[in-house]
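Welcome, and please take a moment to look over the sequence and the structure.

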Amino acid sequence: MHPIKTGRHAAVLVSALLYGVSLLPIPAHAADTDTRTAGPAISLNPADSILIDDLERRTFQWFWDAGDPKTGLVPDRYPSGQTLSSVASIGFGLTAYGIGATRGYITREQAARRTLVTLRHLMRSPQNDSAEGAAGYQGLYYHFLDKNTGLRFSRDIELSSIDTALLMQGVLFSQSFYDRDTPREREIRDLADQLYRRVNWQWITRPDNRMSMGWTPEHQFIPNYWEGYSEGMMAYILGLGSPSHPLAPVSWQAWLATNNQRWGDYYGQTFLNFAPLFGHQYSHAWIDFRGVRDAWAQSRQIDYFENSRRAVYAQQAYAIANPGKWQDYSATMWGLTACDGPGDVTRQMDGQSRHFLSYSARGAGRDYTQDDGTIAPTAAAGSIAFAPEIVLPTLRNMKARYGARIYGQYGFVDAFNPSFRDGQSFWTDHEYLGIDQGPILLMIENWRSGLVWDVMKHNPYIRTGLERAGFAGGWLPAATAMTAPTSPTPPSPQSPSPRQDHASALPADTTAARHS
């Protein structure tokens, strides 16, 4: 997912309004019976409970306010002057509505209505190989859509395998969440099934069994592909689970090919490295990897959830060591991931020339390190299910120290940089990004109740994808699979179209650079 930060798409910056929230009562069935669903047991004090309640509700409200009630399209940024919708944000939004209904922020009827509007719009949007007259092709969707027309935003936007995967996670969540025998919820399940079955994962996969990152009508398949531990994990699981255009299990082995090279020690932790934390959060936001292992994880006596927990601890240790000598880094002030930044500019600070970045895939790991002192709250907040014992003190410190500048109407702004100063003030963002709001909301709810994980455990396609990838153990043998509705007119399986075999390897930081 690549950044859109040009003059043509410049955002209208708005000041976040601080306001007090009167929390609605949570229905009895949704009340927290155990706030330690994931991670080690910790003591949650009343102040932390208030903080998490408030952050979750504000972050949910972003999706509810940002989503178009007539089409369901969710913008990349909001509030913003941009006119592009992010299909990844739509996937997070579809999941957010179920969380909101469960928490009592909205009614189930409201959630179902918005979900149905979204799925109807997606199903009716044109799918063809034209440059300007489509929202997608082969069941996949363009990374960004024009929020007014619902079509490809511009000719530099790719048909995206990973953004389609993020969208489909939300689609399948909807299929399994809305399980009541009502006309509206039956239609949701049917549309979700049709949308997922329509995605031609075989077509987007190269002859060497690796999934291409994307395609454009102008240039066909782009040279980069998904290989190695990253958010690409979800795309392969979704492709393996498809009943209409399934990937072969060998694709999972192709994706794993670089694992041994990326496994190793970093700041006191031994784990499979991926520098920005979003790569550890995205797949885990929907799929519970605790206790389930494929053959590679079994060989290392680890599961991917534990792997990501170690990555979070490594980032905290990196911030404590602070090799770049950035302002305010500490055990309770850390978080590197793809996010906004103060700008592509070089400044003299304390006798040194320091270069800062605009939107960039910041991170710290064996694969690469990119750090300009910019902290993204989503890096910590979206990791709460992995390591609540270090995330909660960090969120508490961020809000206590900088809350007047970085905590507003929709929770934490996208990023801030205490090292980038003009006089007495430091740089803070004024925008919220859907792909960064999403991990905050979903992972808070997973930590509190396991809601998203539990819903997805009952989706037959997710279970099939995991099993075809070789996952076993944990919850897989015990969960009861739902019977997915059968599409009345399922698309016929299609043979993969001829395509170029792009042999060039993906640089270690390429997937991260395409985050937004």
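What follows is a short tour, from the whole chain down to single residues.

## The chain as a whole

Please keep in mind that this is a predicted model. The protein chain has 516 residues, and 63% of them are buried. Its secondary structure comes to 17 helices and 23 strands.

Find helix 4, residues 161-177, and then helix 5, residues 183-198. Their axes come within 8 Å of each other and cross at roughly 145°. The crossing is left-handed. On the side of helix 4, the contact is made by Met168, Val171, Leu172, Ser174 and Gln175. Helix 5 brings Ile188, Arg189, Ala192, Asp193, Leu195 and Tyr196 to the contact. Sorted by class, the residues of this contact are seven nonpolar, two polar and two charged.

## Two cavities

Next, some empty space inside the model. Rolling a probe the size of a water molecule over the atoms shows where such space is left. The structure holds two cavities of 30 Å³ or more.

The largest cavity has a volume of about 50 Å³. Its lining consists of Pro377, Thr378, Phe412, Val413, Asp414, Tyr432, Leu433, Asp436, Gln437 and Ile440. Which elements supply at least two residues each to this lining? They are helix 12 (377-381), strand 23 (432-433) and helix 14 (434-448). Helix 14 gives the largest share, three residues. By class, the lining of the largest cavity has six nonpolar, two polar and two charged residues.

The second largest cavity has a volume of about 30 Å³. Around this second cavity you will find Phe271, Phe274, Ala275, Leu277, His280, Ala311, Gln315 and Ala364. Its lining has six nonpolar and two polar residues, with no charged residues.

## Backbone details in the loops

A cis peptide bond joins Tyr78 and Pro79, with omega about -10°. Pro79 lies in the loop between strand 1 (77-78) and strand 2 (84-86).

Two residues other than glycine have a positive phi value to look at here. For Gln301, phi is near 55°. Gln301 sits in the loop between helix 10 (295-299) and helix 11 (304-321). Is Gln301 buried or exposed? With a relative accessible area of 52%, Gln301 is exposed, because exposed means over 50%. For Asp350, phi is near 50°. This residue is in the loop between strand 14 (345-349) and strand 15 (352-356). Asp350 has a relative accessible area of 77% and is exposed as well.

Why does Asp303 count as buried? Its relative accessible area is 12%, and buried means under 20%, so Asp303 is buried. Leaving out residues up to four places away in sequence, Asp303 touches Phe289, Arg290, Gly291, Val292, Arg293 and Ala297. Asp303 and Arg290 are 13 residues apart in sequence, and their C-alpha atoms are 6.4 Å apart in space.

Ser212 lies in strand 7, residues 211-212. Ser212 is buried, with a relative accessible area of 0%. Apart from its neighbours within four places in sequence, Ser212 is in contact with Ser161, Ile204, Thr205, Arg206, Phe221, Ile222, Asn224, Tyr225 and Trp226. Of these partners, Ser161 belongs to helix 4, residues 161-177.

Ile287 lies in the loop between helix 9 (278-286) and helix 10. Ile287 counts as buried, at 2% relative accessibility. Which residues does Ile287 touch, not counting those up to four places away in sequence? They are Gln169, Ile237, Trp453, Ile462 and Leu466. Ile287 and Met234 are 53 residues apart along the chain, and their C-alpha atoms are separated by 8.4 Å.

How values were computed
Residues numbered from 1 in each chain as written. Predicted model: local features only at pLDDT ≥ 70, side-chain atom pairs only at ≥ 80, totals over all residues. Heavy atoms only, no water. Axes fitted to C-alpha atoms, helices over the stretch in contact; angles between N-to-C directions. Helix = DSSP H or I, 4+ residues; strand = E, 2+ residues; numbered from the N terminus. Left-handed = near helix turned anticlockwise from the far one by under 90°. Contact = heavy atoms within 4.5 Å. Nonpolar A, V, L, I, M, F, W, Y, C, P; charged D, E, K, R; others polar. Buried < 20%, exposed > 50% of the residue type's maximum accessible area, 1.4 Å probe, protein only. 1 Å grid on protein atoms, 1.4 Å probe; cavity = no way out; pocket = protein on both sides within 12 Å on 5 of 7 lines; lining within 4 Å. Points joined across faces, edges and corners; volume = space filled by probe spheres on them.
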